[in-house]
Amino acid sequence: MSTTSTLKASGSGFDLGRVLLEGRAFFALIAIIAIFSSLSPYYFSTANFLTMASHVAIFGLLAIGMLLVILTGGIDLSVGSTLGLCGVIAGALMQGLTLEPLGVILYPPVWVVVILTCVVGALVGLTNGILIAFFKVPAFVATLGLLYVARGIALLMTNGLTYNNLGGRPELGNTGFDWLGFNRVLNVPIGVLILAAVAILASVLLNRTAFGRWVYSTGGNQRAAELSGVPVKRVTILVYVLSGICAAIAGLVLSSQLTSAGPTAGTTYELTAIAAVVIGGAALTGGRGNIRGTMLGAFVIGFLADGLVIIGVSAYWQTVFTGAVIVLAVLLNSIQYGRRGPKPAKKAATSSPSKA
């Protein structure tokens, strides 16, 4: 008995509740696959998993950018509108850029379209970051404003219409845009490979660089981070810029999959991205979370939504189920982080003035 008590006191005992709580996204994904596989003979197949993964790629890309923002204690409500705007920008460029004074129409190659679209996403994120870091506008308000501005610009550019047939024409030299949405490498959709590449880069950025440590410390305790020499304003701006770029990439992949770009694309996707981050175990107050959990959260939402479609559940009930999952995830986050007491970073805030 003394040995058992010593084991528990040292914290090395096996805690099943803690394992289930911290690995909830993984266990939820396994449960979703098992349940829908038993309900439909079409669900559990490699072809279906790859198709669902290509859908998840859109949410996953948005969620990666959202995680970076949430880790600093912020929020980005503009990612869905940024996705829509960037898709429209790509569609407009694929349709041709008219230079009226010269009387010519330029058809940029796809790689130029991709770069310009990512620049637009970065500019939206830069605007968010400057408003929040330098003008002290609350993140909720600033990004909500950009949500409407980006969506409004997309509507103005298209007059509410959709750009169709974005495949391009060989004689114009702008073919290949649909490659992002339809091509595969070793039978894996390009969108999934893009998601994997962005996830790996973001994981390295957070875990292997000084910038990653700055992101976590900013979200843990911003005042303590400033006293420790962390460039909080620069970090804040950069995470919003990266979030905008992730939204732009998601817009490119989605437009390519649909071979069309509409101004209403991405509506409410910001909520799905936040849900993926929360389900993945990140704290909305900042400072806690990782890429692995966020990716699991994105797959939980994507596989759940597609599973409900496969078994013929009404779209209205899909919304109910998704909302219930989000509420449950937030509740579990509260339980998980409520157990641990105050953040370690707050101790640094107390000790920093004495060191100075």
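Tutor: Start with α3 and α14: α3 passes α14 in a left-handed crossing. This is a predicted model, where local features need pLDDT of at least 70 and side-chain atom pairs count only at pLDDT 80 or more, while totals for chains, interfaces and linings use all residues. Residues are numbered from 1 along each chain as its sequence is written, and side-chain values use heavy atoms, with hydrogens and water left out.

Student: What makes the crossing of α3 and α14 left-handed?

Tutor: The rule is that the near helix is turned anticlockwise from the far one by less than a right angle; clockwise would be right-handed. α3 and α14 fall under the left-handed case. Helices here are DSSP runs of H or I with at least four residues, strands are runs of E with at least two, and both are numbered from the N terminus.

Student: Why are α3 and α14 called roughly parallel?

Tutor: Helix α3 (residues 24-39) and helix α14 (residues 291-310) pack at an angle of about 20°, with their axes 9 Å apart. Axes are lines fitted to C-alpha atoms, for helices over the stretch in contact, and angles run from 0 to 180 degrees between N-to-C directions. Under 35 degrees counts as roughly parallel, over 145 as roughly antiparallel, 65 to 115 as roughly perpendicular, and the rest as oblique. So α3 and α14 are roughly parallel.

Student: Which residues make the contact between α3 and α14?

Tutor: Contact means heavy atoms within 4.5 Å. From α3 come A25, F26, A28, L29, I32, I33 and F36. From α14 come L296, G297, F299, V300, F303, L304, G307 and L308. By class, 13 are nonpolar, two polar and none charged. Nonpolar covers Ala, Val, Leu, Ile, Met, Phe, Trp, Tyr, Cys and Pro; charged covers Asp, Glu, Lys and Arg; the others, Gly among them, are polar.

Student: How do you know that α5 and α7 are roughly parallel to each other?

Tutor: The axes of helix α5 (residues 79-95) and α7 come within 8 Å and cross at roughly 25°. That angle meets the roughly parallel cut-off, so the label holds for α5 and α7. The contact of α5 with α7 has nine nonpolar, five polar and one charged residues. The crossing of α5 and α7 is left-handed.

Student: Why is T158 called buried?

Tutor: Buried means under 20% relative accessible area, exposed over 50%, partly exposed in between, with a 1.4 Å probe and protein chains only. T158 has 7%, so T158 is buried. T158 lies in helix α7. Beyond four places in sequence, T158 touches V88, Y163 and P263.

Student: Why is N159 called exposed, and N187 partly exposed?

Tutor: N159 has a relative accessible area of 67%, so N159 is exposed. N187 has 46% and therefore counts as partly exposed. N159 lies in the loop between α7 (139-158) and β3 (163-164). N187 lies in the loop between β4 (184-185) and β5 (188-189). Phi is positive in both non-glycine residues: near 55° for N159 and about 70° for N187.

Student: What makes G212 buried?

Tutor: G212 has a relative accessible area of 0%, so G212 is buried. The place of G212 is in helix α10 (residues 210-220).
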